[in-house]
Amino acid sequence: MQQIASAWTRAEPDSVQAWQSLSHACFEQKFFTESLDAFDVVLSLDPDNFRHHVSAARIATAAERYERAQRHLTLAGRMQPSASEVLLASCRLNYLTGNLQQAEQDCRQALAASPTLVPAYITLGQLCQGRLRREEVAAIQRLLAQTWLHPEYRAALLFTLGEALDHVGEYGAAFSAWQQANRVNMQLSQQEGIAYQRDEQEQELDILISLFPPGTGSSVSHKKAAGTESPQPIFVLGMPRSGTTLVESILASHSTVHGGGELPMLPEIHDELIAMARRIGIEETRNVMQRKLARWREAYLAALPTPAEGDAGEKPGWIVDKQPLNFRSIGLIRLLFPDSPVIATERDALEIGLSIYRHDFSKNWPCAHRLEDIGHYLGLHRRLMAHWYALAPNHIHRLEHADMIKDSSAEIRNLLAFAGLSEEPACYEPHKTQRAVSTFSAVQVRQPVSAAFSGRARHYVSYLEPLKKNLPA
């Protein structure tokens with residue numbers, strides 16, 4: 001699509017649709033700078049269309065250029081102050097940047113302007129953590145009865161409905177809604193040829209254990225390498241819904257640390273490594289891997305986001321990569337960044353499994369749509385982490401979510417000490433730190449650390465038998 005759209009813009013440089021198509025193709029590949037550049041041409045060709053400014057704001061928001069997004073929304077609001085598209089885009093921006101009260105107000109105003117605006121109900125459910133009004137729940141149920149509803153919207157609304165029913169204690173109905181949502185997502189994945197492959201996952205685990213056999217762990221200093229201009233990564237990893245966002249928020253509250261979010265580069269390097277091992281075998285891969293390490297390290301550092309300067313005019317020396325999938329890559333991390341702290345989050349398997357099942361996960365997690373597959377993947381995670389803990393006991397800080405809830409001050413103190421960071425008061429109150437968060441936990445991390453979001457699985461024990469049966473003994 002990008003190639004065709006590029007040719008189109010050359011053939012018809014004044015075509016708004018051509019530049020929109022090019023921007024969209026870049027956006028879908030997460031080439032946000034290129035997407036914004038293409039959309040700047042759209043705005044130059046048709047500057048008085050408020051919808052163009054809304055689109056530009058959405059792209060800028062995804063690119064984490066929030067001031068630019070706000071400028072576009074201000075212009076769009078002047079043109080159409082009560083348009084639901086403007087209000088919803090403003091809601092999303094305020095949601096990500098932590099202005100939750102304003103985000104909720106924007107969302108409800110958007111629904112007042114357009115009562116069938118499906119994305120607004122989905123976002124409102126996320127903002128309110130399921131605490132929806134009766135009339136809002138009824139509106140969602142009416143929308144779900146419509147045959148014209150797109151399957152992706154149907155799944156997202158069912159997840160939203162499930163959260164609302166859970167909040168009022170209708171646990172059977174809530175689980176039924178989540179079950180329906182996951183069935184829809186499973187069908188969508190199958191249509192795209194995406195499925196959870198147990199044999200393939202087990203083979204990958206065996207490859208990793210063979211590539212990085214038991215041995216002595218490398219020495220660890222957790223000091224930023226001298227003479228390096230790029231910030232050094234801190235890796236926060238584990239199963240999704242195990243507390244990675246909370247740990248990132250704690251670390252990113254430190255004056256020398258920037259929260260980078262779920263960065264995509266290491267999974268790409270990991271996939272290249274696994275593909276190579278399948279193609280040429282373990283022994284040859286070990287030899288080739290050593291020759292590729294420098295290139296992989298440079299590629300990873302080049303892809304890091306550029307953090308803003310702090311109050312003292314200095315850029316942060318550390319950047320948090322909280323990509324959960326990186327739990328597969330601890331052996332690789334030890335080779336690429338031997339002095340980088342690695343924090344592994346752990347949580348009760350049933351709590352993780354239920355939390356995954358009740359959220360609308362992307363296609364990067366094909367195991368998320370069936371409890372049986374979630375249980376199987378949790379088992380693989382346990383087995384691989386046991387290998388990493390034995391391989392590099394001094395290189396990994398294991399952080400139990402239950403311990404964080406029980407005594408957050410002690411756990412935060414230990415976390416900072418492991419990472420080689422000085423204690424700063426802001427780290428003990430991460431919910432007060434102003435920073436963008438784009439994961440499912442965006443609302444939770446704006447609140448003090450507590451047990452309010454734990455213990456939900458006890459209401460669903462009987463429904464989680466397929467998950468438990470697929471967990472290893």
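Q: What is the relative accessible area of Gln146?
A: This is a predicted model, where local features need pLDDT of at least 70, side-chain atom pairs count only at pLDDT 80 or more, and totals for chains, interfaces and linings use all residues. Buried means under 20% relative accessible area, exposed means over 50%, and partly exposed lies in between (1.4 Å probe, protein chains only). Gln146 is partly exposed, and its value is 32%.

Q: Where is Gln146 placed?
A: Residues are numbered from 1 along each chain as its sequence is written, and side-chain values use heavy atoms, with hydrogens and water left out. Helices (H or I, at least four residues) and strands (E, at least two) are DSSP runs, numbered from the N terminus. Gln146 sits in the loop between α9 (134–144) and α10 (151–167).

Q: How many Å apart in space are Gln146 and His369, C-alpha to C-alpha?
A: In sequence, the two residues are 223 residues apart. In space, C-alpha to C-alpha, Gln146 and His369 are apart by 23 Å.

Q: How many helices and strands does the protein have?
A: The chain has 473 residues, and buried residues make up 53% of them. Its secondary structure counts 21 helices and five strands.

Q: Why does the radius of gyration agree with a compact globule?
A: The radius is taken over C-alpha atoms, and the globule rule is 2.2 Å times the number of residues to the power 0.38. The C-alpha atoms fill a box of roughly 65 × 55 × 50 Å along the principal axes. For 473 residues the rule gives a radius near 23 Å, and the values agree because the protein has 23 Å.

Q: What share of the contacts with a separation of 6 or more comes from residues 24 or more positions apart?
A: Contact means heavy atoms within 4.5 Å. Of the contacts with a separation of 6 or more, residues 24 or more positions apart account for 70%.

Q: How far apart are the mean positions of the positive and negative charges?
A: Lys and Arg count as positive, Asp and Glu as negative; His and the chain ends are not counted. Each charge is placed at NZ of Lys, CZ of Arg, CG of Asp or CD of Glu. There are 47 positive and 53 negative charges, and their mean positions are apart by 3 Å.

Q: Which helices are among the cover of the buried residues of α6?
A: Helix α6 (residues 84–96) has 13 residues and reaches 18 Å, close to the 18 Å expected at 1.5 Å a residue; that span is 1.5 Å times one less than the number of residues. It is mostly covered, with 11 of its 13 residues buried. Leu87, Cys91 and Tyr95 are among these. The cover includes α4 (50–62), α5 (66–79), α7 (100–113) and α8 (118–128).

Q: Which residue just after α6 takes a positive phi?
A: Its phi is about 90°. The residue is Gly98.

Q: Which helices do the buried residues of α2 pack against?
A: Helix α2 (residues 16–28) reaches 18 Å from its first C-alpha to its last. Its buried residues include Trp19, Leu22 and Cys26. Lys30 follows, with a positive phi near 65°. The buried residues pack against α1 (2–11), α3 (32–45) and α4.

Q: Which residues does Phe50 contact, leaving aside its neighbours within four places in sequence?
A: Phe50 lies in helix α4. It counts as buried because its relative accessibility is 10%. The cover of the buried residues of α4 includes α2, α3, α5 and α6. Beyond those neighbours, Phe50 touches Ala76, Met79, Gln80, Ala83, Glu85 and Val86.

Q: What is the relative accessible area of Arg241?
A: Arg241 is in the loop between β1 (232–238) and α13 (244–252). Its phi is positive, near 70°, although it is not a glycine. Arg241 is buried, at 11%.

Q: What is the relative accessibility of Gln129?
A: Gln129 lies in the loop between α8 and α9. It is not a glycine, yet its phi is positive, about 55°. Gln129 counts as buried, at 18%.

Q: What distance separates the C-alpha atoms of Glu170 and His459?
A: Glu170 is in the loop between α10 and α11 (171–191). It is partly exposed, with a relative accessible area of 42%. His459 is 289 residues from Glu170 along the chain, and their C-alpha atoms are separated by 9.9 Å.
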